[in-house]
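Thanks, everyone. I have one structure to walk through today. Please keep it on screen while I talk.

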Amino acid sequence: MKKVYADPSAALAGLLKDGMTIMSGGFGLCGIPESLIKAVRDSGAKNLTVISNNAGVDGIGLGILLETRQIRKMISSYVGENKLFAQQFLSGDLELEFNPQGTLAERIRAGGAGIPAFYTKTGVGTVIADGKEVREFNGEKYVMETGLVADVSLVHAWMGDTEGNLVYRKTARNFNPMMATAGKVTIAEVEHLVDPGDIEPDRIVTPGIFVKRLVQVHAEKHIEQRTTRKRSLAEMPAGAGEEV
């Protein structure tokens with residue numbers, strides 16, 4: 001079966017519809033499937049439930065779907081860095097299911113492994129546990145969390161072959177691998193597309209059996225928060241600190 005598509009819109013063709021659930025990989029702006037997110041925007045699909053660690057920033061990543069008000073609900077962990085997210089949530093236009101970060105990661109992993117629910121101590125005695133089953137094991141209380149599965153998972157990989165085997169680069173290997181297993185259909189955008197056999201088997205993180213569609217993209221590397229310091233005189237070129 002051909003897995004490689006010409007562009008992000010073609011890779012999403014026939015899959016998107018109003019009210020569906022989408023997983024979107026990445027953490028902050030690292031490892032986000034930016035090209036596929038833009039294709040979701042262009043599709044016009046609305047009332048979406050999006051599962052992602054966060055919602056990007058204003059104007060980048062999932063932030064562009066907030067601008068078009070295509071997202072109805074976010075299932076997330078970190079919701080800072082996005083003023084539009086805060087505005088829509090506080091005005092009641094955006095529903096939020098908030099998760100501790102480790103719990104969100106495990107809910108996605110569990111969904112991909114076919115595990116319907118699990119128990120964790122994280123959140124016991126807080127609003128996170130409201131409305132959820134709490135059980136006692138060995139004298140300790142645990143809250144039940146359910147696994148997560150999406151209609152479509154969108155992931156970003158550094159390299160992939162035409163069979164869908166994926167390799168992630170450094171910290172972009174965050175939520176992408178587990179989301180790749182938890183989508184009924186997983187679509188990967190890759191920076192480098194190679195032939196089968198060109199990737200050393202031990203380097204493969206996501207086996208191609210999980211990936212249904214692929215598209216090669218040019219990934220722009222955004223910096224979410226640029227932090228700099230003044231150079232010391234010792235680091236400056238000769239004469240740079242002298243008065244003219």
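Charges come first. The protein chain carries 28 positive and 30 negative side chains. Lys and Arg count as positive, Asp and Glu as negative, and His and the chain ends are not counted. Each charge is placed at NZ of Lys, CZ of Arg, CG of Asp or CD of Glu. The centres of the two sets lie 2 Å apart.

Now the ground rules. This is a predicted model, where local features need pLDDT of at least 70, side-chain atom pairs count only at pLDDT 80 or more, and totals for chains, interfaces and linings use all residues. Numbering runs from 1 along each chain as its sequence is written, and side-chain values use heavy atoms, with hydrogens and water left out.

On to the overall picture. The protein chain has six helices and 12 strands. These are DSSP runs, H or I of at least four residues for helices and E of at least two for strands, numbered from the N terminus. The C-alpha atoms fill a box of roughly 70 × 50 × 40 Å along the principal axes. Of the 244 residues, 45% count as buried, meaning under 20% relative accessible area; over 50% is exposed, and in between is partly exposed (1.4 Å probe, protein chains only). Contacts are heavy atoms within 4.5 Å. Among those with a separation of 6 or more, 71% come from residues 24 or more positions apart.

Strands pair if DSSP finds at least two bridges between them. Ala 117, for one, has Thr 146 in S8 as its bridge partner.

Most residues other than glycine have a negative phi. Arg 69 has a positive one, about 55°. Arg 69 sits in the loop between helix H3 (63-67) and strand S4 (71-76). Lys 170 also has a positive phi, about 50°. Its loop joins strand S10 (166-167) and helix H6 (176-181). Is Lys 170 buried or exposed? Lys 170 counts as exposed, at 65% relative accessibility.
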